[in-house]
Amino acid sequence: MKRVNRRFSTLLFLGIAAALLGAVTLAGICLKDAALVTDFSRKDLPPCQGFLFGTDWMGRDMFARTLAGLSLSIRVGLLTAGISACVALVLGVLSAAFGGWVDALISWWIDLVMGTPHILLVILLSIACGKGFTGVVVGVALSHWTSLARVIRGEVLQLKTAPYLLAAEKLGVSRWNRVKLHLLPHLLPQFLTGLILLFPHAILHEASVTFLGFGLSSEQPAVGVILSESMRYLTTGKWWLALFPGAALVLVVVLFALLGERVRLLLDPGSVHE
Amino acid sequence: MRKFLSLLLGAALLLGAFSGCGSPRGEASSVESESSLQDVDQSASVVIAMGPTSEPEAGFDPAYGWGAGEHVHEPLIQSTLTVTNTDLTIGYDLATGISSSEDGLTWTVTIREDVRFTDGEPLTAEDVAFTYNTVKATSSVNDFTMLDHAEAADSATVVFHMTRPFSIWPYTMAIVGIVPEHAYDSATYGGEPIGSGRYMLKQWDRGQQVILEANPDYYGEAPAMDRVTILFMEEDAAFLAAQAGQVDVAYTSATYSGQLLPGYTLEAYDSVDNRGINLPTAAAGGTNENGVAVGNDFTSDVLVRRAINLGVDRQEMIDNVLNGYGSPAYSVCDQMPWYNLASQVEYDPEGAAALLEEAGWRLGEDGVREKDGVKAELTLLYSNGDSVRQALAAELVNQLGELGISCTMEGVGWDTAYDRALSTPLMWGWGAHTPMELYNIYHTQEDTGTALYSPYANSTVDQLMEEALACSDLEESYALWQQAQWNGSTGVTQEGDIPWVWLVNIDHLYWVREGLQVARQKIHPHGHGWSLVNNVDQWSWS
């Protein structure tokens with residue numbers, strides 16, 4: 001029997017996962033309006049054919065709400081992870097490339113942000129930016145860059161002493177060219193993997209902060225809002241309000257985590273030929 | 001792989017936290033109350049679950065909101081000069097006679113002389129005067145600007161000197177618990193109150209429970225319930241506590257009204273706990289002194305406001321949102337002695353449509369009305385996290401949609417809601433045992449020339465309410481309050497300016513253990529809490 005190439009199967013998985021997440025995102029955008037419709041004639045329906053995830057106490061379609069919420073989470077995740085990763089890249093490279101007081105300052109800053117309880121920082125930033133959508137995005141974006149920045153700094157420090165970079169320096173290549181030609185390409189795998197692995201964190205924190213009521217207003221379809229609303233109805237036996245959205249959130253987070261792992265396998269020179 | 005696993009576990013943990021943090025506090029407190037209840041005669045004690053917001057943050061000090069403020073109720077631990085009867089007229093507690101001077105600037109109240117505080121000291125007019133002067137100086141929740149000062153003429157007569165005539169002063173006297181001058185320290189009184197009321201505070205575990213015991217020296221009829229335990233817990237915890245049989249009475253809401261609890265009956269008590277929206281009567285464009293936008297072009301047309309009032313199917317709202325547990329609201333004071341029946345309107349969608357046509361709003365092709373190229377659009381605000389207000393707003397959005405008004409709803413926090421409401425309708429909750437609420441909502445402020453919560457001004461309404469306050473006879477003042485709502489030519493009702501549209505009065509729901517006779521309730525005011533136990537001394541087990 002022909003053994004399926006590991007590289008091929010990984011690529012296939014990547015394709016499927018990316019397509020699935022893309023589909024959820026798009027479907028959520030299309031269902032945004034449907035998610036807001038209330039119809040009291042169909043309230044509190046358990047899952048059935050017309051409403052796969054049931055309806056809530058105002059007769060809103062939970063399937064539409066869940067998809068719209070996930071879509072929002074993914075988009076917020078993309079945006080915030082992107083911002084975080086860029087901040088991490090710039091600070092990490094700066095820190096390692098310049099050393100001295102720049103390194104000390106940035107390392108101190110990283111320690112400070114990491115030392116603050118994460119969810120607290122997100123809430124504080126969110127409130128400072130007036131809650132709402134902006135609050136959530138700023139809060140999550142400006143609190144997730146630290147660990148990636150540290151990884152990149154370490155990587156750059158290590159690369160700086162690599163023979164090929166020392167050789168380039170001796171040959172008179174300018175500092176900027178060394179960073180552009182020799183450093184950044186080497187950092188790309190770390191950066192991409194870090195970026196994708198930021199998604200799950202960003203999404204979970206977005207959900208947490210909206211769950212706690214510091215994010216979006218409560219008619220908005222966000223996973224956190226949906227879950228916090230469902231809490232009130234659990235004791236009356238409306239299990240579907242929490243189960244499906246919660247499971248869907250976990251699924252999306254797991255998909256992103258797997259995606260990150262596989263991308264690393266593909267990009268990392270150490271494992272790419274396995 | 002480890003990273004992935006930890007993420008997965010993290011996600012699962014998060015989910016667990018979402019679904020699992022329902023009721024640990026409630027359970028803990030009910031267990032404790034059980035153990036502390038073992039030594040009492042069960043037939044004369046009752047355990048009641050109330051919401052966490054019912055717990056008085058500053059303790060049982062009338063100066064800091066106990067019994068007074070937004071959620072009015074009888075203070076139980078202290079006596080009051082007057083009480084409100086079941087029909088919301090005024091009766092006497094400590095008082096034996098009340099009279100006011102012709103100009104309304106002096107109130108003279110005689111009090112009973114056989115009353116003692118629970119520490120054995122007699123309650124005198126000195127204590128009454130001290131109490132009122134104290135609450136005037138320190139009360140953060142009530143307006144006492146109409147009182148200049150109180151003084152004791154002799155040991156059984158207290159005289160109130162007013163800064164302005166205030167005919168409804170007896171309603172204020174019904175919520176101020178009398179504290180002992182000799183034992184009052186504002187720092188500690190809230191936690192260790194001494195009063196002369198039906199009950200004494202036996203124990204208060206902050207965040208958990210309050211235990212009240214009957215006052216053996218009470219001057220009135222001895223309380224039938226010797227011990228009242230109040231547990232503070234969230235709604236779902238209260239439901240579970242009732243399910244487990246740990247409480248005798250548990251507050252609940254329409255959400256749970258479909259459930260069956262063996263051994264308990266669901267009791268619904270009438271309330272004037274209303275919900276309604278404000279419709280700014282000023283056109284958009286203005287700002288107030290803080291730069292906040294004031295006014296709304298769409299609702300500034302009186303025909304539009306009348307159409308909304310007429311086109312709201314209140315009964316459907318009650319059926320849909322409250323599972324039937326409510327009554328239509330037509331004013332902020334339904335069923336009160338000062339309520340004007342002219343406020344009532346019949347649901348009439350055709351009439352509403354005709355009013356909108358008359359105002360120039362013609363039905364467009366997409367079902368949304370238009371006027372001069374402008375769509376009939378309205379944003380409805382509600383307070384975030386309040387599921388009933390959210391559902392009422394959603395239902396209103398649907399109903400107004402049928403009238404051809406395209407509505408969107410938006411949740412806001414109370415930090416911004418008051419400002420936003422000056423230009424955008426907000427879902428409010430009101431309802432108090434005093435006509436002063438009419439004044440607070442509809443009367444213009446001196447400095448701005450418009451009402452406090454929503455832009456509105458009508459000099460006739462203002463004048464009638466001022467006359468009502470200046471009136472020397474309480475009974476007569478009721479008629480003036482009624483005229484302020486509608487005097488035959490102007491007012492705040494359908495045929496008048498209709499600056500607020502009232503939607504529903506929410507019934508206060510309780511699970512009550514079978515066999516417990518809850519005494520007849522007076523119409524509950526806003527706030528689903530202590531009002532229930534106003535007459536707990538008359539409850540009994542059968």
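In the predicted model, strand β9 of chain B, which spans residues 209-214, pairs with β10(B) in the antiparallel sense through five bridges. Within this pairing, B:Glu213 lies opposite B:Arg227 of β10(B). Strand β10(B) is also joined to strand β1 of chain B, residues 45-50, by six bridges, and these two strands run parallel. Here B:Ser45 has B:Arg227 of β10(B) as its bridge partner. Strands of a sheet pair through backbone hydrogen bonds, and the pairing may be either parallel or antiparallel.

A residue is counted as buried when 20 or more other C-beta atoms lie within 10 Å of its own. Six of the six residues of β10(B), residues 227-232, are buried, and the strand is therefore largely enclosed by the rest of the structure. Burial applies to both faces of the strand: B:Arg227, B:Thr229 and B:Leu231 are buried on one side, and B:Val228, B:Ile230 and B:Phe232 are buried on the other.

Chain B also contains an open sheet of four strands, arranged in the order β16-β23-β13-β22 with antiparallel pairing. The edges of this sheet are formed by β16 (326-328) and β22 (427-430) of chain B, each of which pairs on one side only. On average, neighbouring strands of the sheet are turned by 30° against each other, direction ignored. Strand β13 of chain B, residues 274-278, is linked to β22(B) by four bridges in the antiparallel sense. In this pair of strands, B:Ile277 is found opposite B:Met427 of β22(B). Helix α9 of chain B, residues 387-402, packs on the sheet and touches β13, β22 and β23 (500-506) of chain B. The direction of this helix makes about 130° with that of β22(B).

The contact between the two chains was then considered. Chain A contributes 27 residues to the contact and chain B contributes 29 residues. On the side of chain A that touches chain B, the elements giving two or more residues are α9 (175-211), α10 (223-234) and α11 (240-267) of chain A. Of these, α11(A) supplies the largest share, eight residues. Classified by residue type, the side of chain A that touches chain B comprises 16 nonpolar, eight polar and three charged residues.

Methods:
Residues numbered from 1 in each chain as written. Chains lettered and ligands numbered in written order. Predicted model: local features only at pLDDT ≥ 70, side-chain atom pairs only at ≥ 80, totals over all residues. Buried ≥ 20, exposed ≤ 12 C-beta atoms within 10 Å, placed from the backbone. Pairing = 2+ DSSP bridges. Contact = placed C-beta atoms within 7 Å. Nonpolar A, V, L, I, M, F, W, Y, C, P; charged D, E, K, R; others polar. Axes fitted to C-alpha atoms, helices over the stretch in contact; angles between N-to-C directions.
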